[in-house]
Amino acid sequence: METISLARSGRFVVTSVSSDAHMWNLVFLQLLLEERGGEVINLGACVPDEVILAECRLARPDALVVSTVNGHGHLDGLRLIRKIRSDAELADLRVVIGGKLGVRGAANAQFSAELVDAGFDAAFESEAGLAEFDSFLGALPNNDSHRRELAGAAEGGAK
């Protein structure tokens with residue numbers, strides 16, 4: 001059994017890709033992140049890209065966590081990350097995707113590199129388990145100071 005460490009708290013938006021109707025994975029991620037002290041906004045399943053972008057602009061999360069179970073994560077994920085990276089307000093947002101990225105079994109691992117090349121900060125294939133995701137979360141900077149930096153930048157830009 002994998003051991004998941006407790007890390008700093010943070011603000012997370014959790015969602016699926018637009019074509020994925022599975023919800024249990026999102027509930028699991030929400031509970032995992034909340035157990036670690038995180039504040040989670042769970043957008044649910046089958047969320048349109050534009051809703052994800054709007055919620056991230058509003059919530060200003062430390063990371064967007066995209067989970068997929070239906071096997072179309074690489075297709076929907078590529079479209080989503082291109083929209084995020086082309087949005088001036090969200091271009092620097094940390095974004096990760098994980099789950100069943102394709103329908104090719106063990107060959108799904110090939111999609112991880114493609115998704116990272118397209119702009120995701122990390123891509124986790126379901127076969128790898130939670131250890132890599134845990135490492136990613138543990139490497140996030142102190143989220144309270146990160147929020148203060150964002151707030152200070154917003155105040156400075158408003159002057």
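This is a predicted model: local features need pLDDT of at least 70, side-chain atom pairs count only at pLDDT 80 or more; totals for chains, interfaces and linings use all residues.
A salt bridge is a contact in which a side-chain nitrogen of Lys or Arg lies within 4 Å of a carboxyl oxygen of Asp or Glu. Asp87 belongs to the loop between H3 and E4, while Arg57 belongs to helix H2, so that the pair links distant parts of the chain, 30 residues apart. Asp87 counts as buried because its relative accessible area is 13%, which is under the limit of 20%. Arg57, with 29% relative accessibility, is partly exposed.

The setting of this contact is the chain as a whole. The chain has 159 residues, of which 44% count as buried. Its secondary structure consists of 6 helices and 5 strands, and along the sequence these elements follow the pattern β-α-β-α-β-α-β-α-β-α-α.

The structure holds 8 salt bridges. Asp49 takes part in one with Arg79, where the closest N and O atoms are 2.6 Å apart. Asp49 lies in helix H2 (residues 49-59) and Arg79 in helix H3 (residues 73-85), which places the partners 30 residues apart. Asp49 also meets Lys83 in a salt bridge, with an N to O distance of 3.2 Å. Lys83 is in helix H3 and Asp49 in helix H2, so this pair ties together parts that are 34 residues apart in sequence. Through shared partners, salt bridges join Asp49, Glu50, Asp76, Arg79 and Lys83 into one network.

Attention may now turn to the largest pocket, which has a volume of about 380 Å³. It is lined by 20 residues, and those closest to its centre are Leu29, Ser67, Gly98, Gly99 and Leu130. Two or more lining residues come from each of helix H1 (24-35), strand E3 (63-68), strand E4 (95-99) and strand E5 (122-125). By class, 11 of the lining residues are nonpolar, 7 are polar and 2 are charged.

Helix H1 also holds Leu31. Together with Met23 and Val27, Leu31 forms a nonpolar patch on the surface, and the three residues have about 250 Å² of accessible area together. Leu31 counts as exposed because its relative accessibility is 52%, and the limit for this class is over 50%.

How values were computed:
Residues are numbered from 1 along each chain as its sequence is written. Side-chain values use heavy atoms; hydrogens and water are left out. On a 1 Å grid over the protein atoms alone, a cavity is a set of points where a 1.4 Å probe fits but cannot get out, and a pocket is an open set with protein on both sides within 12 Å along at least five of seven lines; lining residues have an atom within 4 Å of a point. Grid points are joined across faces, edges and corners, and a volume is the space filled by probe spheres set on the points. Helices (H or I, at least four residues) and strands (E, at least two) are DSSP runs, numbered from the N terminus. Ala, Val, Leu, Ile, Met, Phe, Trp, Tyr, Cys and Pro count as nonpolar, Asp, Glu, Lys and Arg as charged, and the others, Gly among them, as polar. Patches are made of residues with over 30% relative accessible area and no salt bridge: like charges are joined within 9 Å, nonpolar side chains (Val, Leu, Ile, Met, Phe, Trp, Tyr) within 5 Å. Accessible areas come from the Shrake-Rupley method with a 1.4 Å probe; for residues, only the protein chains shown count as cover. Buried means under 20% relative accessible area, exposed over 50%, partly exposed in between (1.4 Å probe, protein chains only).
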